[in-house]
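Student: I would like to learn how to read a few features of a model. Where do we start?

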Amino acid sequence: MKKQDFIKFSYTLRVDGKVYDTTDENVAKEAGIYRENVVYKPLPIILGETSIIKGLEEALLEMEVGEKKTIKVPPEKGFGQRNPDLVRVVPKSVFDENNIKPVPGNVVLLDGMPAKIISVDSGRVKVDLNHELAGKELEYDLKIVEKAETDEQKAQYLAEMVFGDGSETKIEDSRVVVNLKKQHYYNKEILAKKSAYLNGIKKYIGIEKAVFVEEWE
C-alpha cells in the first residue's frame, strides 16, 4: 500500500486482552459489545489522509490486499500516554449552564473535548480529559479487504466515508451522481457533507461536479 490509496479494512481491537471494538458482527456478539445501531462491515479509508492512529496506519501501509496481520501498538503510536494535567476539577455551575447533569462514569463534551466524569462533590465535578485508551497498548487483528482501483470505486468509497452506509454512486458525463437515502438527507449536517464530498472528488478524482439525488414523499 501507499499513501492516498483507497482501501477497506476489517479489524478487531483488543485492550487488556478484551475485545474493545470490531468490524465483525459475530465477534461483537461473542464479546458482548454488539450494538444494533452499528453497521458491522469493513471500514473505508484513504491512507495518509483519513485520521487514524500512527501505529495502525504504519501497519496498513506494509500490507497487501487480502493479507491478515496481528499487531501491537504502543501508547506513543496510539492514543498517547496519560497526562495527569488533563484530570481537572470544574465548577458544577458550568454543567448547570449547559443543562448537563454530571453523573460519574458518563462522558460529556467539555470545551469541545470528551470528558469522563470521575466524581461529583460539593458543587465541584472532577473530570478526566484523557482519551479512554491513553496509556494503553492496543492489539489489532487486521485485514485489508479490498483496494479501489478505478475512479468509480473511489467515488463510492468517498460517499461511504462522508454520508455513511447505503449511498450509491456512478460517474456519467464528467460528474458523479450520488443516490442518497433518507437517513442521509435528513441529517442536519447534510449541506456540509455535500460540500465535503464535492471537495473530495475534486481532490482525488479530478471531477468538479456532483449531482445528489434525493427522493421525498
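Tutor: We start with aromatic pairs: rings of Phe, Tyr and Trp (its six-membered ring) pair if their centres lie within 6.5 Å, and planes under 30 degrees apart count as stacked, over 60 as edge-to-face and the rest as tilted. F6, Y157 and Y204 form one aromatic cluster. This is a predicted model, in which local features need pLDDT of at least 70 and side-chain atom pairs count only at pLDDT 80 or more, while totals for chains, interfaces and linings use all residues. Residues are numbered from 1 along each chain as its sequence is written, and side-chain values use heavy atoms, with hydrogens and water left out.

Student: How many aromatic pairs does the structure hold?

Tutor: A pair of aromatic rings is described by the distance of the centres and the angle of the planes. The structure holds 11 aromatic pairs. In one of them, the ring centres of F6 and Y204 are 5.5 Å apart and the planes stand at 85 degrees, so this pair is edge-to-face. Helices (H or I, at least four residues) and strands (E, at least two) are DSSP runs, numbered from the N terminus. F6 belongs to strand 1 and Y204 to helix 6 (residues 190-204), so their pair ties together parts 198 residues apart in sequence.

Student: Is F6 buried or exposed?

Tutor: Buried means under 20% relative accessible area, exposed over 50%, and partly exposed in between (1.4 Å probe, protein chains only). F6 has 1% relative accessibility and therefore counts as buried. Y204, at 18%, counts as buried too. Another aromatic pair, F163 with Y197, is tilted, at 5.6 Å centre to centre and 45 degrees between the planes. F163 lies in helix 4 (residues 151-163) and Y197 in helix 6, so that pair ties together parts 34 residues apart in sequence. Both F163 and Y197 are buried.

Student: Which residues have the most contacts inside the largest nonpolar core?

Tutor: In soluble globular proteins, nonpolar side chains tend to be buried together. A nonpolar core is a set of buried Ala, Val, Leu, Ile, Met, Phe, Trp, Tyr and Cys residues joined through side-chain atoms within 4.5 Å. The largest one here has 20 residues, and those with the most contacts inside it are F6, L158, F163, V176, Y197, I201 and I205. Two or more residues come from each of helix 4, strand 11 (175-179) and helix 6. Helix 4 gives the most, with 6 residues.

Student: Where does S122 lie?

Tutor: S122 is in the loop between strand 7 (113-121) and strand 8 (124-128). Its phi is near 50 degrees, a positive value in a residue other than glycine. With a relative accessible area of 67%, S122 is exposed. D173 also has a positive phi, of about 55 degrees, although it is not a glycine. The loop between strand 10 (168-172) and strand 11 holds D173, which counts as exposed at 67% relative accessibility.

Student: What sits over the ring of Y34?

Tutor: A charge sits over a ring if NZ of Lys or CZ of Arg is within 6 Å of the ring centre and within 35 degrees of the ring normal. Over the ring of Y34 sits the charged end of K29, 5.0 Å from the ring centre.
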